[in-house]
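Visitor: I am new to this structure. Please show me how to read its main features, one at a time.

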Amino acid sequence: MGTATDEFESCPLTEGQKGILTDLLFGGAPERYNIPRVSIWNELIDFHALESALQLIVDRHKALQWRLHRDEDGWNFRGSDQQISLTQTMTEVNDVRRLAEKLAWTPFDLEHGPLLRVALLSVGPAEHVLVVVMHHIISDGWSMQVFLRELFESYHALANQKQPSLPELPIQYADYALWQRERLTSPAMQNEVNYWRTVLADAPAQLSFPDADPTANDYSGETIHFRIDAETVEALKVLAKAENATLFMVLSAAFKWALYEVTGQTDLLVGTPVSGRDRPEVEHLIGFFVNTVILRTNLEGIQSFRELVRRERDVILDALDHAEVPFSWVSRSTGRIGGGGWLIDFALVVLEDLGRQTGDISRGTLPRYEIDGSSSKLNISLTLEADVQNWRGMLEINSALVNRSVARQLVTAFLDVLRQGTKFRERTPRSLQHLGLNTKSPVTIRVSPPRPSVGTVAVLNHTVTAAVRDLWQTALDYRDPEDDDEWFAWGGDSLGLTAFLWKIERDIGLSLDPAVIVRDARLGHIVEQLGCAERSFSLEKKHSRITQLSSAQFRLWFLNQMDPDSAAYNMGGSFDWPGTVDGQVLQSAVDHIVQRHESLRTTFSMSGGDPVQVISPSSEISVGIAEWAPDLDRSKREWLESQYRSVADHPFDLEHGPLLRVALLSVGPAEHVLVVVKHHIISDGWSMQVFLRELFESYHALANQKQPSLPELPIQYADYALWQRERLTSPAMQNEVNYWRTVLADAPAQLSFPDADPTANDYSGETIHFRIDAETVEALKVLAKAENATLFMVLSAAFKWALYEVTGQTDLLVGTPVSGRDRPEVEHLIGFFVNTVILRTNLEGIQSFRELVRRERDVILDAFSHQSLPFDELVRTLNPKRNSQVTPYGAIRIVFGEEDSSATLSESYRRVPTATRELLSLRIVADDAQLDCILISRRCAMSDTVNRIIADRFQEIIINKML
């Protein structure tokens, strides 16, 4: 092949391009030759750098500058200096698909161009959808991946003030077009044509389907999506190896068997694409290289699926040996290029490891956006693509020729072939008719794991019962438990149950599903379930100094980018510390904790266009010390208030850090207040207790000239973040998504309160403090036990009743935090683990408070059984209508917890947030036998009067409704 020619006055069409043009001249739908690709970019975009990267790629690949031209010599391509502009549209999330599909299926003007369309649909500063559309006459699937990979690499180089480093192009597509034209006149090519003439002699007419008009030229398309699980794929690979075949050969045989089952025709022609890039010079070029080869198989006389695999193997090997001749030539040699349709009606495309081969550039954890075809080039096209563990399938149909019912029959038949083909390998064609095919059945294959034998359970029970009983006794503080003792009946709550299950996993090494245990929390049932439990796996240390963010961290990072001056996610508290305090020892204790927990040495920056955690080897956190002077014109409380706000209300710099502040406020020789403030992106409430407990223990050890003795940390938070990212792709997590999609279907808009503007960006909070006395708390516990509920369930029911009385709304959504620490390895870590679950309750038809408690009990048990899906993933997947000022679904919250007495630091001077993103939040803390309650509202969301009414109604409901 010759050297690169930079400029051509005109360029001839290749045979593939002529085929497309011929179809269009015969009335083919123009949009069916659009090649769209959509990528999610979860990052701040430098628009100028992206625009420059696009122009660089266009200048690099001359085919992207072409326009179709007709002169006395016929059709050819001409270059153009017309700019290909990058457009940006700000839009709402709900409009993204509509806009993307409009861009994808708007026809191109081949004569005026351009034949490339690039648009950025922006939902927020770091939430973008990149839409790239090329016309097939200048591109193909491989070319699209070349374009995206080079655009991605060039953009990130330019955004970092570097020159892109892309491989040199030895030729351009025009060189290939000229080379192909010369090649087609060679004797070798004539031999190829003769081969195909023989293979396709007397080829049958296209298949006819029920209710179809084969002469119709309506190319409207529909798509059916399905999945094939990893276990079935592995079985197919075993079968392929046994027959000296490839996985593609087995899948092709299964597709043809399914076609035969639905149509009854034995002589089948299926097209499949080959790259057409058998020369190294064209590997990195953008252009139309792809070719189609015909796989003609006759199923007449086939006695088994294995026999069909062997026949298909020979068909495919022969066809690929003669893949160089352009498909348009094969079509013309059969006389079926115009008027009567194409030579083939079906196509099979198998894309194995597509992302790894071509560099899928979708950023973050958002799933790739799928755009179903608005038109179909063929009657039926089956695409199979490797996707992590499973395979994704997509059956596209020409709606005018194949109705959806027939298409679904075909999908079901194809899966049953895979089901039966790998297990009952001597089945003959048409025998599937006797299997009772159900065309309405789901098309995703699920395989249940085997259960252990009864003998295994019995031995395991004998081994672990004593250890489980000891843990139960310690957790619930009573001796000699019996098998019928139930966790909640003996005063346990869901958080304690989670901790109990952790300890079982830590001490015994067996993992239980909390969703199963919460439904039946009897001791005997837990022991029984351990007999069926799988050996737990451990999180491992495998992160580097720079690593990914967890799902929750990404949300806070994104919100910080939008409003870097906000202190809404500062987590602070002040704690009484009686006695003398040695400031130098305190500083040493803080240094020890900071060195122990990488999260306290973490900052956040951009790397390769993505936000990352950067872990510093060391970080200096200076303990600020201030003393109150009696002669100041302020009281102790006023001075403490001012000092606290100076530490807590100042925003953190996520990029430069540090993200922890510690101060010691002294108001007397033996009277001190410790102030600790962290950014929520590195901490949560549990982490604050870990920090205080370890600080207290380290201080007293160092003060006595001893080294602190703290439990070893098996992992760090960055390891958890990587593990969580991997876990999000598991089938179990998809089940969680499906659960929440059902629960939150048609969820109502956020509650509206009098004189409120929930879109206002004032995050200042208004607080009301009140207490529930010990006698009332005890009565609440009695009510809870009578309804087989917990204290939290009763309080949640009361809060929702109060909301109903104030707003009149019966369908209520309230968020509540869960620890998110369902692994024993993270028990002693400082980091952002807490998750939010949504408690959706409908009060319609409720006749009594007790009835509401029972309903709330079921709501909470269900929600806690599906708490493993990160709230941020839930919001992104379900994509509710939202505004940037209010948390979707969780604008109203209830938080219930107990004091951690192990820290031994009395929190008598607790501070509450001065800023809040929730519209309304009720925080309840058990303090000895009483309950401390704080109702926090956004000033912009409701007046202080309304806040007070809700607080009053909550207290009245607890006292009156309960009775």
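Guide: Begin with burial: a residue is buried under 20% relative accessible area, exposed over 50%, and partly exposed in between, using a 1.4 Å probe and protein chains only. By that scale D858 is partly exposed, with a relative accessible area of 36%, while R857 is buried at 17%. The model is predicted: local features need pLDDT of at least 70, side-chain atom pairs count only at pLDDT 80 or more, and totals for chains, interfaces and linings use all residues. Residues are numbered from 1 along each chain as its sequence is written, and side-chain values use heavy atoms, with hydrogens and water left out.

Visitor: What is pLDDT, and what does the protein average?

Guide: pLDDT is the predictor's confidence in each residue, from 0 to 100. The protein averages 81, and 81% of the residues score at least 70. Helices here are DSSP runs of H or I with at least four residues, strands are runs of E with at least two, and both are numbered from the N terminus. Over residues 899-912 the pLDDT is below 50. Where pLDDT is low, the predicted coordinates should not be read in detail.

Visitor: Which residues of α16 are buried?

Guide: They are L523, G524, H525, I526, V527, Q529 and L530. That makes 7 of the 8 residues of α16 (residues 523-530), so this helix is largely enclosed by the rest of the structure.

Visitor: How do I read a salt bridge, and which residue does D140 pair with?

Guide: A salt bridge is a side-chain nitrogen of Lys or Arg within 4 Å of a carboxyl oxygen of Asp or Glu. By this rule the count comes to 34. D140 pairs with R277, their closest N and O atoms being 3.2 Å apart. The two partners sit 137 residues apart, D140 in the loop between β6 (127-135) and α4 (141-159), R277 in the loop between β8 (267-274) and β9 (291-298). D140 counts as buried at 1% relative accessibility, and R277 is buried at 10%.

Visitor: Where do R296 and D267 lie?

Guide: R296 lies in strand β9 and D267 in strand β8, so the pair ties together parts 29 residues apart in sequence. Their side chains meet in a salt bridge of 2.8 Å, N to O, and both residues are buried. R857 and D858 also form a salt bridge, at 3.3 Å. A network of salt bridges links E243, R306 and R310.

Visitor: In what order do β15, β17 and β18 stand in their sheet?

Guide: Strands of a sheet pair through backbone hydrogen bonds, either parallel or antiparallel. Two strands count as paired if DSSP finds at least two bridges between them. This open sheet runs β15-β18-β17, with antiparallel pairing. Its edge strands, β15 (546-547) and β17 (602-607), each pair on one side only. I546 stands opposite V614 in β18.

Visitor: Which residues have the most contacts inside the largest nonpolar core?

Guide: A nonpolar core is a set of buried Ala, Val, Leu, Ile, Met, Phe, Trp, Tyr and Cys residues joined through side-chain atoms within 4.5 Å. The largest has 87 residues, and F500, F799 and F954 have the most contacts inside it. Helix α24 (residues 791-807) gives the most to this core, with 11 residues. A second, separate core of 64 residues includes V594, V677, Y717 and V826.

Definitions and conventions:
Contact means heavy atoms within 4.5 Å.
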